[in-house]
Amino acid sequence: MVGNFKYLALFALFLSCFSCQNRERKVQLANELITENLSVLLDNLDYFNISNDSLTVGVYQYVGEIKSDQKIVIEKFQNKFNLNDEKIFNEYIKIEKIPKKIGNYSLFLDTDNTFQKRNNIVKVSFVNFIISRNNQYASVEVIKSLGNGTKFEIYYFKQIDGKWVFDSKELIGLG
């Protein structure tokens, strides 16, 4: 009886180690996707530029969740890649560094989570990140806002030869 308990304990330990490694791998994949595709994720910022002044982009440092959007984001992800039973990856994802400039836009990593209305600074948040169980497909909702204007978009990616490749995007709301 004691021998069976040892095997059960070892099996449980093995499962917990495997689960931790899988979570860490998904966090690493999420960071790779965002950093490799930042220029794609920050496209169409001219939508916010009505005065032809130069815009600065503040990217929030943490990938978060918006509960009210999750159901539609999951449904669209599953339909896009013909998958079932996928869910939002809600582990701690922190963006470590970004380039200082992409195209004509200066960028900074925003570590201040309080909302402050500032002129000519587009705030960008990455939320509701999904990665498929086989780590081959992913999506992330990108929220871009300046003042009262906001865009909500979902970006879809496939992993090809170990790299995240942009597949398409879908506008889900304007505010």
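Me: Contact means heavy atoms within 4.5 Å. With which residues is Gln 61 in contact, leaving aside its neighbours within four places in sequence?
Reply: The model is predicted, local features need pLDDT of at least 70, side-chain atom pairs count only at pLDDT 80 or more, and totals for chains, interfaces and linings use all residues. Residues are numbered from 1 along each chain as its sequence is written, and side-chain values use heavy atoms, with hydrogens and water left out. Once the neighbours within four places are set aside, the contacts of Gln 61 are Ile 93, Lys 94, Ile 95, Leu 109, Asp 110 and Thr 111.

Me: Is Phe 126 buried or exposed?
Reply: Buried means under 20% relative accessible area, exposed over 50%, and partly exposed in between (1.4 Å probe, protein chains only). Phe 126 is in strand E6 (residues 121-131). Its relative accessible area is 0%, so Phe 126 is buried.

Me: How far apart in space are Phe 126 and Ile 66, C-alpha to C-alpha?
Reply: Phe 126 touches residues beyond four places away in sequence, among them Val 63 and Gly 64. Ile 66 is 60 residues from Phe 126 in sequence, and their C-alpha distance is 9.9 Å.

Me: Why is Leu 171 classed as partly exposed?
Reply: Leu 171 is placed in strand E9 (residues 163-174). Leu 171 is partly exposed because its relative accessible area is 46%.

Technical notes:
Helix = DSSP H or I, 4+ residues; strand = E, 2+ residues; numbered from the N terminus.
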